[in-house]
Amino acid sequence: MAQVRDDGFARLVERDLDRVHRFLHGLLRDEDLARDLTHDTFLRLRRSAPAGDDGLPTAAYVFACARHAAVDHWRRLRTRRDAAPHLAADPAPPTPTDAPLHTTELREALDRALGLLDEEHRAVFLLSEVEGLRYAEIAEALGIPPGTVASRKHHAVQDLRRELERMGHAL
Amino acid sequence: MRCEDARELLTARVDGELDGVQADALATHLDGCAACRAESARRTRERSAWREALAGDHTPDDLRRRVLAAPVPVALPLLLRPLAWAAAAVLAVLLIAPPLLQRLGDGDATLRPAAVTLVLDGGDVGPATALATETLNLGDSPF
Ligand SMILES: [Zn+2]
């Protein structure tokens, strides 16, 4: 395999840090957690990642790593709750609406509406609508068929739109 | 084509994801359906507005610095790798055994020996995720 090259990792950070962080923030809806798991994701990529022609792993691979970090987190959370039943009744903490940098009304409404989607639809929506990945790349990143990506994207859009209309943000 | 089917294709078309056959079928439906034409225009507007609203974030500088400080993996010569694995195994036993015995004694149901791994890179390994999910890496990083 390729030898250690610092410039390659720096290029990867340059290319993907913002979008991995943004994706994990949207998926997890918790900024501290998004930071920790973004850091974890890049540690993984630093240690081991298949490089493409440009010497960097593909976007699908990078987002697959990010999602694995989130899945690992949820699994640990479940294990802890199973081990400590008194925690099970605690709802997930709400997303702090003061956290993001953009504070437009639409942004806040979208944030709230995204919180109502399940994780599977939210992941597809964020990767497609916000990060601009192709359906084939999303399918690879999430380990689902491209047709499932298409239907999840469509349903996510319908649900978000309904919710935004309810909040007075129809377009 | 029913409007309901056309709507899902519309979402994909605005994402640039329709193949020729699907695009033709949708175009035929759109020719005769004003409601779906309006829907198509709406999805196009909506997509760019939503993307603009959600895509502006930049990663905080402190996180960027932390990520860039990730330790460089150490690539060991092939001949030395068995030695490294042996050393790792000995270390793993030393590290895992005491808490293992203690937790077994406590009857801890969360015990997950498989989740305990080692990181040889040294330095900052960040939160528990890295430890819980990384397998021992002996230098197949592309960087
Ligand atoms: Zn129609």
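I took a salt bridge to be a side-chain nitrogen of Lys or Arg within 4 Å of a carboxyl oxygen of Asp or Glu, and by this rule I counted 27 salt bridges over all chains.

I noted that this is a predicted model, in which local features need pLDDT of at least 70 and side-chain atom pairs count only at pLDDT 80 or more, while totals for chains, interfaces and linings use all residues. Residues are numbered from 1 along each chain as its sequence is written, chains are lettered from A and ligands numbered from 1 in the order in which they are written, and side-chain values use heavy atoms, with hydrogens and water left out.

Next I looked up the domains, whose bounds come from an automatic or database domain assignment: chain A is divided into domain 1 (1–95) and domain 2 (98–171). Counting contact as heavy atoms within 4.5 Å, I found 15 residues from domain 1 of chain A and 18 residues from domain 2 of chain A taking part.

For the buried area, which is the accessible area (1.4 Å probe) that two parts lose on being put together, summed over both, I recorded about 1400 Å² between domain 1 and domain 2 of chain A, with carbon and sulfur atoms giving 63%. Arg29(A), Ala60(A) and Arg67(A) supply 35% of the area that domain 1 of chain A buries against domain 2 of chain A, more than any other three residues.

I then turned to charged pairs, and across the interface of domain 1 and domain 2 of chain A the rule finds two salt bridges. Arg67(A) also meets Glu119(A) through their side chains in a salt bridge of 3.2 Å, N to O.

I also checked Arg22(A), whose side chain forms a salt bridge with that of Glu131(A) at 2.7 Å, N to O. Arg22(A) lies in helix α1 of chain A and Glu131(A) in the loop between α5 (119–130) and α6 (135–142) of chain A, so the pair ties together parts that are 109 residues apart in sequence; helices here are DSSP runs (H or I, at least four residues), numbered from the N terminus.

Note on methods:
Helix = DSSP H or I, 4+ residues; strand = E, 2+ residues; numbered from the N terminus.
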